[in-house]
Amino acid sequence: MTKPKKRINEFLYFALKNKRLRVGLSVVLFFLILAFVGPLLTDYKWDDYVGPAYHPPSYEYWFGTTTFGQDVFTQFILGLKASFLVGIIGGGIGTLIGVLVGFTAGYHGGMIDEFLNMLTNIVIVIPTLAILLIISVYLKVRGVLIESIFIGFTAWPWAARAIRAQTFSLRSRDFVDLARISGMKPLKIMFTEIAPNMMSYLLMTFILQFGGAILIAATLDFIGLGPTNAISLGLMMNLAVLWGALPLGMWWWFIPPGAAIAAIVGALYLTNVGLDEVFNPKLRKL
Amino acid sequence: MFKKIILLVLLIVFLFSGMAFAQVYERSETLYTSGTQWGPPSSWNPYNTGGYAMGTFGLCYESLFLYDPLTNEYIPWLAESGEWISSKVYELKIRKDVKWNDGTMFTAKDVKFTFDIAKTAAIGLSPIWNFLGSVDKVDDYTVQLKFNDPLYQELGWYIYNNPIIPEHIWASKSTKDVTSGIGENPVGTGAYMFEASDQSKMVWKKNPNWWANSALGLDPKPKYIIDLVNSSNNVALGQVIMGQYDLNNNFLPGIASIVDGGYGISTYFPGPPYMIAGNTAWLLLNLTKKPMDDVAFRQAVAHAIDVDQIVNVVYGKIVSKADPSGLLPIWDQYIDKELVDQLGFSYNPEKAKAILAGAGYKDVDSDGFVEAPDGSKIALSVVVPFGWSDWMESIKVVSRGCQAVGINLTPEYPDYPQYLDSKLNATFDMMICNDQQMSSTPWTYYDWMFQNPIADIATMQNGNYSRYDNEEAFALADELDKVKVGDIEGMKAVISKLEKIELTDLPLIPLWYNGMWSQTSNAVWTNWPSSAEDSNHYLAATWRGYWNMTGILMLCDLEPAK
Amino acid sequence: MSLKVKNLKVYYQTLKGDVKALDGATFTIGDGEIMGLAGESGCGKSTISNSLILLKPPMRFVGGRVELDNEELPIWDMEKMNDFRFKKISTIPQYAMNAMNPIRKIGKMVSEILKSKKVDFKSTLPELKRRLDLVELSHDVLNMYPLELSGGMKQRMVMVLSTLMNPSLLMADEITSALDVSTQKAVAEMLVEFRDREFVKSMIVITHDISILYQIADSIMIMYAGKLAEKAPTSVIINSPRHPYTKLLISSLPDIGVKYSQKKLTGIPGKPPMLLIPPTGCRFRERCPVAFQKCLNEEPPFVEIEKGHFISCWKEFEKNA
Amino acid sequence: MKQYFTRKLFIYILTFFIAVTIDWLIPRFMPGNPVQVLLARASLHAEAAKEMYSYYTKAFGLDLPLWKQYLSFWNAIFHGDLGTSILLFPQPVIKIIMRAIPYDIFLLLPSILLSWFAGNKFGAFAARTKWLDNTVLPIGYILTATPYMWLAILLGWVLAMVFPIFPLAYASSPAIIHSFSWIFIADYLWHWILPFSSLFLVMFGGWAIGMRNMIIYELEADYSHYLEALGAPRKLVRRYAFRNAILPQVTGLALQLGIIMAGALVTEVVFSYPGIGYLILGAIQNQDFFLIQGCFLFIIIEVLIANFLIDVLYIIIDPRIRIGMGGKSA
């Protein structure tokens, strides 16, 4: 294979050329910035009663107000932040576990593989909701952090499977054999020999986990298993439905959160495909 | 092939769902209600007090009397009259020509049976046997209740709250079936009969030969009453707006704007508070814990809460602020006004601070929150069940108010069982609670407020969760029970004593009156009850225990929309 | 003459511009001729075979004319070419090992391909079986999935399939590289056998392993940096090459007949030029021991200096002149 | 092959065992006492409550030592006895669930299968068809990224509130009692469309994208090139690529089931559609532990069965498992 440096330049080159990647990234970035700059644009807390109730979007309340006259924009911004937090932590943990399990399974094969496979299958089938239900009643206050961690610990199986398959194909390559012959420790091999050749793959896995985590979190929040002491995009939808925003025609309450999630996650997927095309010359279109 | 799949599935579906006949109910002769059932109809046992299908008691099973809380009058129902022929004997004249809807005649023996069965089976009526000696059937239409030590107020509650059941059907039931059987195919004396039920609804059909048609010239207008299982707020509100519910008894946020918005939706009052007050929402303080055990502290809390904000912002004016005595508007005559003026409380942060300071609560470590006189830190929580959205908002207001005066109080939302657990086992600091509905007598309120002995509270589940221990109060509550129904002055005398204790010791703090949520649509049915002079003043409520508080009469006054 | 290629130009499109992988090739292959095609990797030998049968992006047809049995091949037109592929011109790809659909029984796959080419499977079956026997494959393979076959078996299966329609031209691209010595030999001999039995009229055998060509090729064509360097009968190329590159190439080989290892054609100092902006004049000049002024400016043509012996080298032209 | 199945079976049994155990924990490990909750709901009179308390503690066997409760739970499962509902007291949980399940089957099966078929076909079709790839697929990305409930809310708002074309809630009009009659079927479908579409659309997007990305790899695979080299028509090449690309999509289906279930739950919630999902929410909100337990048990069973069917299907369509490698790739 060619020298890494040259490869990186090449990637950057294609990365910049790739339309999907450009669009995807810019959307994600836009919301990311919004999430972290936004709080400066509002001086309320998400549950402050700041104005008239049922107020449609206006100059002073950009996204209107809720049934109690809470500022929807504030809720939106903070919810956005929560979503990214879930994405990064949940997605991160999910990827990490997936990578570890996938690597070990794919690299060692045999009994270890068997066992990890079994574990994966089990985690896939067990209704995570049930577990969350038990956990949730034990925590007096559920925070975004707890939620993210939980999601991370339940969302890794498919990543593990994918990475296992990849490792399978890589472990037989000569450079790995070479390392093995030279008596390198398996873990070291995984991270010095195999991982670098899968970086692209790992990155994409993370992106998908990231998006997945956000969606799962939204679902949990919507059925009231989300944070009890903070706002989130899912919780916004939950409250909107709870307080009859549909029949009251308070579209400004339930449209933004869902739209944001769809946009972010969609953009992430788009980025993913873009990256795929960048990393995988076969898919490059000229 | 997809078609095949769908057809297959269709088949499966109908294998499961029974009901072989196609039945479509004519909209113009059907009354759609909702607000009582939180899940598919699952019980028609009138003694399954919290779970029987809407209307089981009231539409199907009936009581001896009706009670009209707005006029404080008893209306003879299955009983033509009830009189104290001696200080200890209450004689019931049973109405003649009343038939169970299976054709059997209804007689005194059914009444006797109903009372007797309460002796063996633990049902709502059972406690009457603590003071009831015997039930004797004089003749087919006369029953005498012989008391050892009559508790008039309590009896006054039972005679309109206890469903009379047919002996010829229930005699054969086991005790377990009586207390907690499903009780399918209910046989009652009422205006409606079981028609059908499925996942999402309960259907009642008019009983063509209901006794009251001839006896009282009453004729409920709807041929069918279909009660729909409660759905999420937005669905319920949507159905109301689109006139798909005629009568809805859910708490619907924003209903005020709908009523004003001219959707043909009305409530009892045309303006705030829109709803009749149905019960009082209390702030319970756990007297077994510091500093709640200090009356000064409780006073401070009482003055720190901005109830108006709860009323106006959280509820959008569909509830009203509670009187410091906590007694419902229907009991206004029992409220000792000057007593309240002199001992009552109102939102007044400055006063709250003053009280705290006076009692030695000072912010020693200047963290913005006061410490107890003994210097120990104060960090309290106020809880409501997670998901009870209006209460969740309300306690935010409560805690903000307390924090503003230096009391470190934070809202928490445990799941219901934890909430209940802390309530029953006195592990909470403060909580909101509204266990007592409106009734024929304030005694039910004080009985709940001063429930004793404290040791049994966890299992009795009938009040005094603050653990207020005051023999005098307990005695007064029992004394009130012994006052004759209708002896207003006698009641006032006792009640004002109770109020004095309540207001001085503040074992709990009344906040607002929860409404008897009731929104009605004029799309198909009109002439709903309202505060207007020319219309009837019954209760438009399908809630358990409300049909026999004139709900049934409301049905008879309905008129189809033109 | 079964194949005539005239001034064929095929470029590779890249973001940085066209890579002139095949820059004007002119040669012919006679009936029954097996032509070896050799050269360093990246010299454009695969480009020739690919462009002849499957010219698709990033490859771009720039110019030239290809005739097969005196009929022009529309190689620039993916669709039109389908009429020729398989029937008139066919290939044994480099990746023969996994050239077959993994989830289809081989027999089924063959029949489907034939059907798609409007050929009746039934009537072809006997011939197919005969050829399986020839390559020593049992008939059962038709009811097997590719993954049930060994590498060698797969290769032979592909050979049979590719030549089933008796194409006039068969291209075999590096088919031996993945195999061990003994199998290599066998496969090589099979190619000859196929020619002898006239399953295929003529062949282009692409390899960087000249020893194989020595065994089977009638003629050998040497390419360098997208240009033809020399073409002559095998013996000539081996014994008396004329082009300096060929000379170096051959001399760098150990004794003929000895199979030699991976390290190929690196005996020559220097590297081939970048084909993005190829140098003017002779493309070999930078590494050429005998290069002189003329090589710097003018590009040497590819001309026949003896019967069947073509080269492009100013030095040699001078000698002849 | 045989050993492959035995291994699979073993995994399934083990999974079932673990899942059920977790399921069993739900009511027991919840703080607060189910019976107290039940009585609080039943709002009985003081004395009555006292008696009921001891009665139900026995009835639910909550007075037994844990290990006994655990064993009797297994025993009960195999006798289809999942205890008594609190929310729908005194109905047995099993009955309640049985009544809800048809709604799920009718809603989930079509939406999953149709979206899967349609999505894959469409994805394969769109791949490498430039204008489609650049116009329609972005929509696919958005769809698959849309939270189920949000699409449901949106559809409900637009098609039921703003333009009242479809009903906003329930599985059939209140005016009609279930029956095998055309009026009812028509009414049923009319109520079925919105929840179905919101589920269908989201899943459709996912499958389309997945297939599109898969098939692009397959079209670049050696066997595809070889076919082209042999002048096989585009149709055949694509058919082969599709056949290969569908395999990961089948496994994908198995992986997705859990999420789909959650999606169905929230969709049913939005439309008050009386399936298991709606039941679960009600159970959660009302802390009906035994009902929650029962619902999850059924979900576990459904998912397991689905997974098993998919495994079988996979063996049928992928020879590589049938031959030799004994499930390594499953």
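The crossing of helices H4(A) and H7(A) in this predicted model is left-handed. The axes of H4 (residues 110-125) and H7 (residues 157-171) of chain A come within 9 Å and cross at roughly 150°. That angle makes H4(A) roughly antiparallel to H7(A), because angles over 145 degrees count as roughly antiparallel. Further points on helices, sheets and chain contacts follow.

- Two packed helices are described by the angle between their axes and the distance between the axes.
- In chain A, H4(A) brings A:Thr120, A:Val123 and A:Ile124 to its contact with H7(A), and H7(A) brings A:Pro157, A:Ala160 and A:Arg161.
- By class, the residues of the contact of H4(A) with H7(A) are four nonpolar, one polar and one charged.
- In chain D, helix H5 (residues 93-126) packs against H10(D) at an angle of about 145°, and the two axes are 10 Å apart.
- H5(D) and H10(D) cross in the right-handed sense.
- Residues of H5(D) in this contact include D:Asp104, D:Leu107, D:Trp116 and D:Asn120. On the side of H10(D), D:Arg238, D:Phe242, D:Gln249 and D:Leu253 are among them.
- The contact of H5(D) with H10(D) divides into 11 nonpolar, two polar and two charged residues.

**Strands in chain B**

- Strands of a sheet pair through backbone hydrogen bonds, either parallel or antiparallel.
- Strand E16 (residues 380-383) and strand E17 (residues 409-412) of chain B run parallel and are joined by four bridges. Within E17(B), B:Thr410 is the residue opposite B:Ser381.
- A right-handed β-α-β unit is made by E16(B), helix H13 (residues 389-404) of chain B and E17(B).
- E16(B) also pairs in the parallel sense with strand E18 (residues 430-433) of chain B, over two bridges. B:Val383 has B:Met431 in E18(B) as its bridge partner.

**The sheet in chain C**

- Chain C has an open sheet of four strands in the order E2-E1-E4-E5, with antiparallel pairing.
- Strand E2 (17-29) and strand E5 (71-72) of chain C are at the edges; each has a single partner strand, so one side of each is left without a neighbour in the sheet.
- Strand E1 (residues 3-14) and strand E4 (residues 59-68) of chain C run antiparallel and are joined by eight bridges. C:Val66 in E4(C) stands opposite C:Val5.
- Helix H1 (residues 45-53) of chain C lies across E1, E2 and E4 of chain C, and runs at about 80° to E2(C).

**Contacts between chains**

- Five pairs of chains are in contact, and chains B and D share the most contacts of these.
- The contact of chain B with chain D takes 60 residues from each of the two chains.
- Helix H1 (residues 2-16) of chain B gives the most to the side of chain B that touches chain D, with eight residues.
- That side of chain B has 31 nonpolar, 24 polar and five charged residues.
- Chain D also touches chain C, with 18 residues of chain D in contact with 23 residues of chain C.
- Helices H9 (222-229), H10 (234-270) and H13 (319-322) of chain D each supply at least two residues of the side that touches chain C. H9(D) gives the most to this side, with six residues.
- The side of chain D that touches chain C has 10 nonpolar, three polar and five charged residues.
- Chain B and chain C are joined by no contact, and their closest C-alpha atoms lie 24 Å apart.

Technical notes:
Residues are numbered from 1 along each chain as its sequence is written. Chains are lettered from A and ligands numbered from 1 in the order in which they are written. This is a predicted model: local features need pLDDT of at least 70, side-chain atom pairs count only at pLDDT 80 or more; totals for chains, interfaces and linings use all residues. Two residues are in contact if their C-beta atoms, placed from the backbone, lie within 7 Å. Ala, Val, Leu, Ile, Met, Phe, Trp, Tyr, Cys and Pro count as nonpolar, Asp, Glu, Lys and Arg as charged, and the others, Gly among them, as polar. Axes are lines fitted to C-alpha atoms, for helices over the stretch in contact, and angles run from 0 to 180 degrees between N-to-C directions. A crossing is left-handed if the near helix is turned anticlockwise from the far one by less than a right angle, and right-handed if clockwise. Two strands pair if DSSP finds at least two bridges between them. A crossover is right-handed if, with the strands pointing away from the viewer, the path from the first strand over the helix to the second runs clockwise. Angles under 35 degrees count as roughly parallel, over 145 as roughly antiparallel, 65 to 115 as roughly perpendicular and the rest as oblique.
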